[in-house]
Amino acid sequence: MSAVTGNAAPRRRRRRPGRGRLGWNLLGLLVFATAGFPVYWMLNTALKPAKDAIDPDPRFFPRTFTPENFARAFEVADFWDPVGRSLAVSLVVVLIGIVVGMLAALAISRFAFRGRKVVIVGILAVQMVPLVAMIIPVFLLLNDLGQYDRLTGLIITYLTFVLPFTVWTLRGFIVNIPKELEEAAMVDGCTRTGAFVRVVLPLLAPGMVATSVYAFIQAWNEYLYALMLMSQQNQTATVWLGNFTTKHGTEYAPMMAGATMMAVPIVILFLLVQRKMAAGLTAGAVKG
């Protein structure tokens, strides 16, 4: 009996991980379905005839597919100029944010200076302020600086909420890199800058990619400041989508077609950096 009991116990222990994996897989499928359904519905509405988009009895699978909504999206207003402006603003914001944010995160993580804790608390406090609360001060400041209705003014505005996020995220990645690696490189003859470029920067690359993607998404999807600070002639892609709402109602099918086209740059970006993205998220999830 003891031998039978001894053999049965390991069997039960071997079964439990399988059940646990099944539960986690089901939970993952549920999360995927919940997050993916809005994307599916956007594509569904973009590809169905316009009259079916306002049908009170919606269908999960359209009976017919048509590209006319994409043609209508191009007819409502110029598409490429707003997309080009959004792309230029987002790339400049990411470039400046990563460079400045990396230097600030390095200073906070590696150097002890007076007021360091105040800086860290200030970074967190800035992220807690609702963006809508800063519209009037930002508008008045840009107007005084002559940057209202200019892309440079919009870039400066986006940096105010992208930089704190970038600094705080990159700080977590830098903290995970042991100081001993830099010290060993300096013992071998590298300067502090050389040790950072040759040792820390390659290890920080996945984190920089992950942070850049999220910063790009923040700048690309921002709507409120682009609406308030830019005129119709200088509108960005998110504001361009508002052209589908008129006094006669909302043209849902062309709007979803426009939203689909706007999502293409984000999808392409994720496909290009997905490996670095996964590595960066894993590296920054340990401590910090």
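## Ala237 in helix α11

Ala237 has its place in helix α11, and in this predicted model the residue is buried, with a relative accessible area of 0%. Is Ala237 called buried or exposed, and why? The word buried applies to a relative accessible area under 20%, and because Ala237 has a value of 0%, it is counted as buried.

The contacts of Ala237, leaving aside residues up to four places away in sequence, are with Pro82, Val83, Ser86 and Met262.

## The chain as a whole

How much of the contact pattern comes from residues 24 or more positions apart? Among contacts in the protein chain with a separation of 6 or more, such residues account for 73%.

## The largest nonpolar core

In soluble globular proteins, nonpolar side chains tend to be buried together. The largest nonpolar core in this model has 53 residues, and the members that touch the most other members are Val93, Tyr158, Leu204 and Trp240. Two or more residues are given to this core by each of the elements α4 (80-110), α5 (116-128), α6 (135-145), α7, α9 (192-221), α10 (224-229), α11 (237-240) and α12 (252-283).

## Helix α7 and its kink

Helix α7 covers residues 151-175, and its 25 residues reach 35 Å from the first C-alpha to the last, which is close to the 36 Å expected at 1.5 Å a residue. Where in α7 does a kink lie? The kink, of about 35°, is at Thr160, shortly before the proline Pro164.

## Thr166, a buried residue of α7

Thr166 is also found in helix α7, and its side chain reaches the backbone oxygen of Val162 at 2.8 Å. The relative accessible area of Thr166 is 0%, so this residue is buried.

When residues up to four places away in sequence are not counted, Thr166 touches Gly97, Ile98, Gly101, Thr211 and Ala215.

Technical notes:
Residues are numbered from 1 along each chain as its sequence is written. This is a predicted model: local features need pLDDT of at least 70, side-chain atom pairs count only at pLDDT 80 or more; totals for chains, interfaces and linings use all residues. Side-chain values use heavy atoms; hydrogens and water are left out. Helices (H or I, at least four residues) and strands (E, at least two) are DSSP runs, numbered from the N terminus. The expected span of a helix is 1.5 Å times one less than its number of residues. The bend at a residue is the angle between axes fitted to the seven residues ending there and the seven starting there. Contact means heavy atoms within 4.5 Å. A nonpolar core is a set of buried Ala, Val, Leu, Ile, Met, Phe, Trp, Tyr and Cys residues joined through side-chain atoms within 4.5 Å. Buried means under 20% relative accessible area, exposed over 50%, partly exposed in between (1.4 Å probe, protein chains only). A polar contact is a pair of N or O atoms within 3.5 Å; within protein, one must be able to donate a hydrogen and the other to accept it, and residues adjacent in sequence count only if both atoms are side-chain atoms.
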